[in-house]
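Thanks for sending this one over. Here are my notes, written to be read alongside the model.

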Amino acid sequence: MTGAAQGFGQAVSIGLAGRGVDVVAVDISKATETLEKVEAAGVRGVGIIADVSEPDTATLLEGVLREEFGRCDILVNNAGIYPNAAFADVDYELWRRVHRINLDSQFLMAKAVLPLMTAGGWGRIVNITSNSIALPAPGLAHYMSSKMGVIGFTRGLANDVAQHGITVNAVGPTASLTPGGRAHIDPAVIAELSGAQAIKRPGSSADIVGTVLFLAGDDSGWVTGQTVMADGGLVRL
Ligand SMILES: NC(=O)c1ccc[n+]([C@@H]2O[C@H](COP(=O)([O-])OP(=O)(O)OC[C@H]3O[C@@H](n4cnc5c(N)ncnc54)[C@H](O)[C@@H]3O)[C@@H](O)[C@H]2O)c1
């Protein structure tokens with residue numbers, strides 16, 4: 001689980017723990033609260049404080065999985081950033097940073113877990129994208145590019161790993177009141193978007209958990225390469 005210290009990543013970690021899944025929480029910040037809640041559910045929680053956009057983190061993760069568990073069944077690629085910036089203010093450094101953290105990290109983490117998943121003959125990879133890719137929202141060209149990349153990566157990887165019993169799907173939340181959303185998204189934008197949703201309230205950290213758990217479990221075995229917008233019915237694919 002990446003980006004597990006707060007927000008969607010914390011909520012999904014706790015949801016997985018509730019289903020009896022041990023959780024390795026990878027985050028650039030300490031995931032103390034998440035790990036406490038995971039362990040309170042009676043499973044193991046292991047924290048890795050690291051930047052998911054660094055290739056060394058993939059090596060570290062693979063080592064921890066091999067030594068501590070000897071297996072990996074589920075990868076949720078959730079860590080991401082969403083700095084809003086007018087295109088005139090997006091320099092190459094910001095462009096690359098957003099792509100490194102939102103997209104390159106998903107490649108790196110998949111590389112880290114796939115040898116173990118393949119050996120186990122069963123796996124679920126869930127990549128977090130965003131419903132913003134289909135919205136006329138300004139200041140997000142760099143972000144939308146990275147999140148469309150997530151969808152392309154999901155579709156492509158699904159083809160390469162299906163023979164090993166592994167599915168790969170993406171989940172797209174809407175603008176939500178996670179800690180990151182509260183800090184980085186204009187409340188007026190959240191209000192406007194939630195008013196346009198079929199379900200007219202802002203999203204919260206808990207709102208994608210059920211969809212991710214479905215895609216991370218046995219019941220979704222015939223679903224792969226797909227993107228599910230878990231967004232209160234705003235964007236329809
Ligand atoms: N909140 C929203 O409105 C919204 C909407 C659509 C999609 N999303 C996506 O959902 C995901 C999670 O968003 P959130 O709202 O829970 O965010 P958040 O900011 O509340 O939490 C993100 C977590 O990721 C961690 N993180 C950030 N960069 C990292 C890095 N380089 N390495 C390791 N960990 C890192 C942070 O420390 C934090 O714990 C992101 O991919 C985001 O793009 C969010």
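The points below take the ligand site and then the salt bridges.

1. Ground rules. This is a predicted model, in which local features need pLDDT of at least 70 and side-chain atom pairs count only at pLDDT 80 or more, while totals for chains, interfaces and linings use all residues. Residues are numbered from 1 along each chain as its sequence is written, and side-chain values use heavy atoms, with hydrogens and water left out.

2. The shell around the ligand. You will find 29 residues surrounding the ligand, and the closest are Asp27, Tyr82, Tyr143, Ser176 and Thr178. By type, the shell divides into 14 nonpolar, 12 polar and three charged residues. Here Ala, Val, Leu, Ile, Met, Phe, Trp, Tyr, Cys and Pro count as nonpolar, Asp, Glu, Lys and Arg as charged, and the others, Gly among them, as polar.

3. Helices at the site. At least two shell residues come from each of α1 (7–18), α5 (141–161) and α6 (179–184). Helices are DSSP runs of H or I with at least four residues, numbered from the N terminus.

4. Three pairs are worth a look. Asp27 places a polar side-chain atom 2.6 Å from a ligand oxygen, and Lys147 has a polar side-chain atom 2.9 Å from an oxygen atom of the ligand. Asn78 instead uses a backbone N or O atom, 2.7 Å from a ligand oxygen. On its own the ligand has 830 Å² of accessible area, and the protein covers 93% of that (Shrake-Rupley method, 1.4 Å probe).

5. The structure holds six salt bridges, each a side-chain nitrogen of Lys or Arg within 4 Å of a carboxyl oxygen of Asp or Glu. One of them joins Glu33 and Lys37, at 3.6 Å from N to O. Both residues lie in helix α2 (residues 32–40), four residues apart, about one turn of the helix. Glu33 is partly exposed at 44% relative accessible area, and Lys37 is partly exposed at 41%. Partly exposed is the range between buried (under 20% relative accessible area) and exposed (over 50%), with a 1.4 Å probe and protein chains only.

6. Two bridges to arginine. Asp207 and Arg201 meet through their side chains at 2.8 Å, N to O; Asp207 is partly exposed at 30%, as is Arg201 at 40%. Asp73 pairs with Arg71, the closest N and O atoms being 3.1 Å apart, and Asp73 is partly exposed at 25%.

How values were computed:
A residue is near a molecule or strand if one of its heavy atoms lies within 4 Å of it. A polar contact is a pair of N or O atoms within 3.5 Å; within protein, one must be able to donate a hydrogen and the other to accept it, and residues adjacent in sequence count only if both atoms are side-chain atoms.
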